[in-house]
Amino acid sequence: MRTKAAIERAMEELRARYEADAPHQHFVTDHHSIVWGDGDPCARLMFVGEAPGADEDRQGVPFVGRAGQLLNKMIAAMGLSREQVYIANVLKTRPPDNATPTSEEIRLCAPYLYEQIRIVSPQVVVTLGLPATRALLGTMESMSRLRGRWATFTPPGPESTPVKVMPTYHPAFLLRSYTPENRRLVWSDLQQVMAELGLDQGVRPKVGEGEA
Ligand code: URA
């Protein structure tokens, strides 16, 4: 029986294992803190991003910078709060100049993300952007082909169950390409997730509505 205490303990043990293994010692980083994860480790919905940026490195919490503010709005638009979901990244340490993670960096760090997913065992994982999507689905397809289509990821390890994955655009991409079309696409991806989770689809502000 999976109790909240057991899940929290498993997550703490995994974090300690990550810190002992320190896979990031094998590549160049620009980090001051390990940005492990945030939110409810018993959540039904998990978001996976790429890697911490400067703000996240400073605070030790994922998605707290500009992209994080937009992610918060996306979560709120779904009728949820940040405390009700779990948020993690593929890389737990900040890459220099916010570089896109290399395939070797992903290979070294992804096993810890897979284990995070196995522990949370959410109903749905939303992957934000290509590195996160590729880390889970192992595909070389483009984001425009992957987004909006359900996929499945089964974390390696005992007693793991398949998790539904919805790839969507990274909020940082959305901030750079803040077009009505991109916002509509992300919102339609999130609406599919809401339907899967049985969340109320009632009238809510669309992602980023009312912003400049
Ligand atoms: N972008 C990410 O992918 N993750 C963060 O935590 C912040 C920005």
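His 24 lies in the loop between α1 (4-21) and β1, where helices are DSSP runs of H or I with at least four residues and strands are runs of E with at least two, numbered from the N terminus. The model is predicted, so local features need pLDDT of at least 70 and side-chain atom pairs count only at pLDDT 80 or more, while totals for chains, interfaces and linings use all residues. Residues are numbered from 1 along each chain as its sequence is written, and side-chain values use heavy atoms, with hydrogens and water left out.

His 24 is buried, at 9% relative accessibility; buried means under 20% relative accessible area, exposed over 50%, and partly exposed in between, with a 1.4 Å probe and protein chains only. Apart from neighbours within four places in sequence, His 24 is in contact (heavy atoms within 4.5 Å) with Tyr 18, Thr 29, His 31, Ile 34 and Thr 93.

Ser 33 also belongs to the loop between α1 and β1. Thr 93 is among the residues that Ser 33 touches, together with Glu 56, Asp 57, Gly 60 and Lys 92, when residues up to four places away in sequence are not counted. A polar atom of the Ser 33 side chain lies 2.4 Å from the backbone oxygen of Asp 57. This is a polar contact, that is, a pair of N or O atoms within 3.5 Å; within protein, one must be able to donate a hydrogen and the other to accept it, and residues adjacent in sequence count only if both atoms are side-chain atoms.

Pro 41 is placed in the loop between β1 (38-39) and β2 (45-49). With residues up to four places away in sequence not counted, Pro 41 touches Ile 7, Glu 8, Met 11, Tyr 86, Ile 119 and Val 120. The C-alpha atoms of Pro 41 and Leu 199 are 158 residues apart along the chain and separated by 19 Å.

Leu 80 is found in the loop between α3 (66-77) and β3 (86-89). Its contacts, leaving aside neighbours within four places in sequence, are Leu 45, Ile 75, Val 85 and Leu 199. Leu 80 and Met 194 are 114 residues apart in sequence, with a C-alpha to C-alpha distance of 10.0 Å.

**Positive phi angles**

Phe 63, in the loop between α2 (54-59) and α3, has a positive phi near 50 degrees and is not a glycine. Ser 121, in the loop between α4 (103-120) and β4 (124-128), has a positive phi of about 50 degrees although it is not a glycine either.

| Residue | Relative accessible area | Class |
|---|---|---|
| Pro 41 | 10% | buried |
| Leu 80 | 16% | buried |
| Phe 63 | 6% | buried |
| Ser 33 | 17% | buried |
| Ser 121 | 31% | partly exposed |

**The ligand site**

Phe 63 is one of the residues around the ligand, together with Gly 49, Glu 50, Ala 51, Glu 56, Pro 62, Asn 89 and His 170; each has a heavy atom within 4 Å of the ligand. An oxygen atom of the ligand is 2.7 Å from a polar backbone atom of Glu 50. A ligand nitrogen atom is 2.8 Å from an N or O atom in the side chain of Asn 89, and a ligand oxygen atom is 2.8 Å from an N or O atom in the side chain of His 170. The protein buries 91% of the 240 Å² that the ligand exposes when taken alone, with areas from the Shrake-Rupley method and a 1.4 Å probe; for residues, only the protein chains shown count as cover.
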